Each structure stands twice: as C-alpha cells, then as structure tokens.
Amino acid sequence: MADKASKQPENVPGAWFVDTTCTPCRVCLEEAPNLLKYNDDETYVYFHKQPENDEENGAAQRAMDVCPTLAIGNDGE
Ligand code: SF4
C-alpha cells in the first residue's frame, strides 16, 4: 500500500499520489498517460494532474492496480 507520508514532492495537490517506492517501471504511464509523467531525470513518476472525471478516475485506478511496487495511492482527500 502506498504511503502518503512518503509522497514524491512533485505530485500536484489532491487525492492521488506516487510515493518513493516507484522504481520506475513505467507500466502506469500506459494506463494514465494524461495524469502521470516522469520527473526530469526519469528516476520516478508522479501525478502532474489529478483526475477530474470518471474516465480519468478510471485511468488512475488502473494505474494503481498495475503498479508492481504499490507506489500509487489515493488518500481520499
Ligand atoms: S507502475 Fe508503479 S513503480 Fe512503475 S512507474 Fe508507475 S508508479 Fe512507478
């Protein structure tokens, strides 16, 4: 389970986040390319946009489901 106390600092404010356990394997980028992207040196990914509709919420959920390190979380805020 992703740890909201270890969020990557670049995540935009909101419920969805990537924590510091991202490897990065990039499989989530295929599920939610509009929401997630690499940091500058490609050592992890983060949410540059929060989901704003059902379609985007579904994409974020799929990204969370495929993440092998459980780095993606939703703290419900
Ligand atoms: S699926 Fe998980 S470990 Fe892989 S890049 Fe995305 S957040 Fe990082």
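Contact, as the word is used in these exercises, means heavy atoms within 4.5 Å. The model is a predicted one, in which local features need pLDDT of at least 70 and side-chain atom pairs count only at pLDDT 80 or more, while totals for chains, interfaces and linings use all residues. Residues are numbered from 1 along each chain as its sequence is written, and side-chain values use heavy atoms, with hydrogens and water left out.

**Exercise 1.** Determine which residues leucine 29 touches, leaving out residues up to four places away in sequence, and state whether leucine 29 is buried or exposed.

Solution. Begin with the position: leucine 29 is found in helix 1, where helices (H or I, at least four residues) and strands (E, at least two) are DSSP runs, numbered from the N terminus. Next, list the partners, which are Leu36, Lys37, Tyr38 and Val45. Then take the accessibility: leucine 29 has a relative accessible area of 11% and is therefore buried, given that buried means under 20% relative accessible area, exposed over 50%, and partly exposed in between (1.4 Å probe, protein chains only). Finally, leucine 29 and tyrosine 46 lie 17 residues apart in sequence, with a C-alpha to C-alpha distance of 9.9 Å.

**Exercise 2.** Describe the surroundings of valine 45 and of glutamine 8.

Solution. Valine 45 belongs to strand 3, and its relative accessibility of 1% makes it buried. Beyond its neighbours within four places in sequence, valine 45 is in contact with residues including Gln8, Val18, Leu29 and Tyr38. Turning to glutamine 8, this residue sits in the segment before strand 1 and counts as buried at 7% relative accessibility. With residues up to four places away again not counted, glutamine 8 touches Val18, Asp19, Thr20, Tyr44 and Val45.

**Exercise 3.** Find the aromatic pair and classify its geometry.

Solution. The structure holds one aromatic pair. The ring centres of tryptophan 16 and phenylalanine 47 are 6.0 Å apart and the planes stand at 40°, so the pair is tilted; the rule is that rings of Phe, Tyr and Trp (its six-membered ring) pair if their centres lie within 6.5 Å, with planes under 30 degrees apart counted as stacked, over 60 as edge-to-face and the rest as tilted. The pair links distant parts of the chain, since tryptophan 16 is in strand 1 and phenylalanine 47 in strand 3 (residues 45-47), 31 residues apart. As for burial, tryptophan 16 is buried at a relative accessible area of 4%, and phenylalanine 47 is buried at 0%.

**Exercise 4.** Locate the cis peptide bond and the residues with a positive phi that are not glycine.

Solution. As background, most residues other than glycine have a negative phi, and most peptide bonds are trans. The cis bond joins threonine 23 and proline 24, with omega about -5°, and proline 24 lies in the loop between strand 1 (16-18) and helix 1 (27-31). Arginine 26, with a phi of about 75°, is placed in the loop between strand 1 and helix 1 and is partly exposed at 40% relative accessibility. Leucine 70 has a phi of about 55°; it lies in the loop between helix 2 (54-66) and strand 4 (72-74) and is partly exposed, with a relative accessible area of 47%.
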